[in-house]
Amino acid sequence: PTKVKQWLRQGTLGFLRGFSGEFQGDGRSTASKAVGALARHCCIKAPENAEAREHGSSSVASLASFLPSEQAAEFVLFLTKMFRHPQTNQRVFALEVAQRLAEICFQPGDSVPQGFHLDLTTLVQGILDRALDKAGFIRVKAITCVSSIVCGVCKRYNEDQANLATKVKDLDAIVGESMKRKVIALAIGRSKDSKPAVRKAALSLLENVLPLCEGIDSKSVQAITSASHDAY
């Protein structure tokens, strides 16, 4: 039954959280490396079923959040490699893990694992590249992921900058105008995509990121105007 599965999942994650933080010195490093290896293995064995993928990506993100900063950075680099995996199932799973891992940063301070520190700049850059993926549904997933991460971080930044800075490496690079403009350029470019679902995701991204910027440029206005005449 679903409730039993949820109970087992929560119990397992609780055990691994305690396991990764129970030891000191070399013992703790070995334990956390084992947890990191398990998280990577789960990504490689990504489930194809959408529901299983949802639960799996959430569990993997939770595992990665238990890792110390150095190993968390290694896991982010691993994810960026998985973004380019030849199999689409692996790419979409890695994107879902990235989104859920970033969402952990948006949670109130006490609910985030102590010592959790994420390199979102590297993560977002890898996701931006997937917005040009040859598979349409991967492009949609990447654009949706960028919207969730960048807009989520920017909104949390305004609410609790000091708390967020303890969890995100190079926070200013994510909330800065340069990143916002890069995201806007992506949204404008994908708003002309051949796939209607990609165009819709791009316009949603544009809608979310423009309020975070200082003013609206002519290219954004043109993209929105063109979308109003979209046949789909």
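Is Ile224 buried or exposed, or partly exposed, and what is the relative accessible area?

A: This is a predicted model, in which local features need pLDDT of at least 70 and side-chain atom pairs count only at pLDDT 80 or more, while totals for chains, interfaces and linings use all residues. Residues are numbered from 1 along each chain as its sequence is written, and side-chain values use heavy atoms, with hydrogens and water left out.

Ile224 is partly exposed, because its relative accessible area is 40% (buried is under 20%, exposed over 50%, partly exposed in between, with a 1.4 Å probe and protein chains only). Ile224 lies in helix 12, residues 218-227 (helices are DSSP runs of H or I with at least four residues, strands are E runs of at least two, numbered from the N terminus). Together with Ile216 and Val221, Ile224 makes a nonpolar surface patch of about 240 Å². Areas come from the Shrake-Rupley method.

As for the whole chain, it has 12 helices and 0 strands. Buried residues account for 46% of its 232 residues. The accessible surface of the protein chain is about 12,100 Å², and carbon and sulfur atoms hold 53% of that. Of the contacts (heavy atoms within 4.5 Å) between residues at least 6 apart in sequence, 69% link residues at least 24 apart.

Conventions. Patch = residues over 30% accessible without salt bridge, like charges linked within 9 Å, V, L, I, M, F, W, Y side chains within 5 Å. Areas by Shrake-Rupley, 256 points an atom, 1.4 Å probe, with all protein chains shown as cover. Salt bridge = Lys/Arg side-chain N within 4 Å of Asp/Glu carboxyl O.
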